[in-house]
Amino acid sequence: MTPALHVENLRVTSREGRVLLDVPLLTLDAGQSLALRGASGAGKSTLLHVLSGLVRPSAGRVVWGGQDIAALTEDARARFRRETLGLIFQDCHLFEELSALGNAGLASAFAPARDRAPIRLAAAQWLAALGLGQAGARAVDSFSGGERQRIAVARALAGGPPVILADEPTAALDRANADALGADLVRLAAEGGRMLITVTHDAALAARMGRQITIADGRIVEDSDA
Amino acid sequence: MLDLWASLPPELQDVLFALALIAPGLLAGAMVLRGLRPLPLVGAMLRRFVWVNALFVALIAVSVGLGVGLLAQERGLRQGSARAAEKFDLIVAAPGSEVTVMLAAVYLQPSDMALINGAQYAEIAGAEGVAFAAPIAFGDSFQGAPVVGTTVDFVSHLAGPLAEGRVFATAEEAVAGAYAPVDVGGSFTPAHGHGPAAEHDAHEGFAYAVTGRMAPTGSPWDRALLVPVEGVWAVHGLANGHAPGDPRIGPPFVPEMMPGTPAVLVHATELWGNYALKSRFTRGDLMAFFPGTVLAQLHGLMRDVRSAMSLMAVLTQVLVTLSVLIGLMIMVRLIARSLALLRAIGAPLRFVFAVVWAYSAALILSGAGLGLALGWVAARGISAIVTARIDVLVTANLGWPEAHLVAGFISLTLFMALLPAWLAVRRPLLTDLRT
């Protein structure tokens, strides 16, 4: 089941005490899609990292389906990411010496034994769904930028996560590839009833989302739902 | 407990010691890898930085190879020198340095020595329990090969049945060592002395005909040319040990007609008889000694050198271990981004720890394995060179000391590889992810 998101009194400060993020309240229902927009350095990626548990907030709560991940240990947050989130990064972050299938099914390397085969099977299915079904055995360094990002999307989806968090997934792609990937991402999230949160400068991708939030100086300054 | 250990066969002790050495490393590995499957990722990382990894493996291999080669070589040299002296039961010479006589008579390293006279030789040869007493007279050479005067008994005792031809029967015949520079059927004129100072025309007009060739003995005698001692005396213008006109060679010699010999190899009819003979001929005008004992004393004196070499080998391994550790920490930085990705997508810290440790272990084990092979090849190569230089067959094979050295190295480094693995999971995730 897709968990809802409830963020409350969230603050992230730098070591010097500068406020990087200040979000009094943010909620998102299960299955919703959200675009985080704003200028570079506004705090979009920081918010995404806090939501994924990669960064521990200085204060506040980040509650996913009733569980405050800010209070979890590092290993517990890793487990939360493993079981709940699919992460997509701007520059793909692929293992260059592994095949497309090896990258898409990367989570099988550290998953419990019973989950390994299903993850690998799902990885192959997602690659096929993203148009790379015949290329699973190829090393990833032979793929184009758009194809590499599709492999990263397949990796994010292979574990069957109810939530997809994407950080500028189309930033490194040309217009045609960006549009195609954005469409696929939104479609696949919607088909699975997944929550999709993406940081993006891409207006076209943002327009595909159900909700848009604009962040400036670490604060939410515009919310399409407000 | 010590008694129990001492009661075990040496081979079992070696096996148990090797297992005890490697156990901590393997135990650490078993604990780290339990239930995890990091090898596909480790393989990818190894391929990703293949040249850096290859260089790292090569450095480990060279250092392990040096340690292994050093130990094997030292043991090979010790065993080779002992084997070369095996046939020399008891040597009797004029009083002086046992080491000098041993080097001259056993290892054919030329040296000026006082002579045993005919009466003394007759007493030795005629003593109860003496099977034969062979004079060993050196001082001439041919093309760098020592020409040694002795008897048929000594030739048979040293190398057994000839590999080719027959033993000398006259004072003008010779038997060649296995690798001596004259073929059977050939002849040679000896030079007086050895090396650059040898006088090549001193014995002009005299030639030995080679009638046989000895089987290899693994000693400097393989390059020697053995001639009847009468020939050596005759070629130097001395009496030949027999009555004038007597063409016989070999003992008995007429004491008054015997010019003397620097050393006599005594072979007793019974092994225990050697001790009585040694005792009998250790006196004011003679010196008797067992070359094996002198060699053991020399090896004993060199124990400090051996210990120093072993210590050097261990110290080298310790330094290499530290270098490996520092190298691994640097290598972890190379793979930090991949590790951060694993952590970001939810890999447990224990898995990331296992990936780094297994990556390190792959480098260490490859390097150690390659080093063992390299050490073996190096030891064989150096053995061949040493054998050619000193004419003592040195066979350096890998043995348990080398296995213990490598097992200890592997275990220590595998254990120490826990440190870079621990540091890797403490690295700032987000910083590495953005690298």
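1. Basis. In this predicted model, local features need pLDDT of at least 70 and side-chain atom pairs count only at pLDDT 80 or more, while totals for chains, interfaces and linings use all residues. Residues are numbered from 1 along each chain as its sequence is written, chains are lettered from A and ligands numbered from 1 in the order in which they are written, and side-chain values use heavy atoms, with hydrogens and water left out.

2. Interface extent. Chain B places 24 residues in contact with 23 residues of chain A; contact means heavy atoms within 4.5 Å. About 2300 Å² is buried between the two chains, 62% of it on carbon and sulfur atoms. Buried area is the accessible area (1.4 Å probe) that two parts lose on being put together, summed over both. Arg37(B), Leu341(B) and Ile345(B) supply 25% of the area that chain B buries against chain A, more than any other three residues.

3. Glu74(A) and Arg343(B) form a salt bridge at 2.6 Å, N to O. On chain B, the elements giving two or more residues to the side that touches chain A are helix 3 (39-48), helix 12 (336-344), helix 13 (349-390) and helix 16 (429-434). Helices (H or I, at least four residues) and strands (E, at least two) are DSSP runs, numbered from the N terminus.

4. Surface patch. Trp5(B), Leu12(B), Val15(B), Leu16(B), Phe17(B), Leu19(B) and Trp400(B) form a nonpolar surface patch with about 600 Å² of accessible area together. Patch residues have over 30% relative accessible area and no salt bridge; like charges are joined within 9 Å, nonpolar side chains (Val, Leu, Ile, Met, Phe, Trp, Tyr) within 5 Å. Accessible areas come from the Shrake-Rupley method with a 1.4 Å probe; for residues, only the protein chains shown count as cover. Helix 2 (residues 10-33) of chain B gives the largest share, 5 residues. Trp5(B) sits in helix 1 (residues 2-7) of chain B. Trp5(B) counts as partly exposed because its relative accessibility is 36%. Buried means under 20% relative accessible area, exposed over 50%, partly exposed in between (1.4 Å probe, protein chains only).

5. Ser81(B). This residue lies in helix 4 (residues 50-84) of chain B. Ser81(B) has 12% relative accessibility, so it counts as buried. Beyond neighbours within four places in sequence, Ser81(B) contacts Tyr107(B), Leu295(B), His299(B) and Val392(B). The side chains of Ser81(B) and His299(B) make a polar contact of 3.2 Å. A polar contact is a pair of N or O atoms within 3.5 Å; within protein, one must be able to donate a hydrogen and the other to accept it, and residues adjacent in sequence count only if both atoms are side-chain atoms.

6. Thr211(B). Strand 8 (residues 208-213) of chain B holds Thr211(B). Thr211(B) is buried because its relative accessibility is 11%.

7. Backbone points to check. Most residues other than glycine have a negative phi, and most peptide bonds are trans. Pro251(B) and Pro252(B) are joined by a cis peptide bond, with omega about 0 degrees. Phi is positive, near 55 degrees, at His93(A), and near 50 degrees at Glu168(A). His93(A) is buried at 5% relative accessible area; Glu168(A) is buried at 8%.

Note on methods: Salt bridge = Lys/Arg side-chain N within 4 Å of Asp/Glu carboxyl O.
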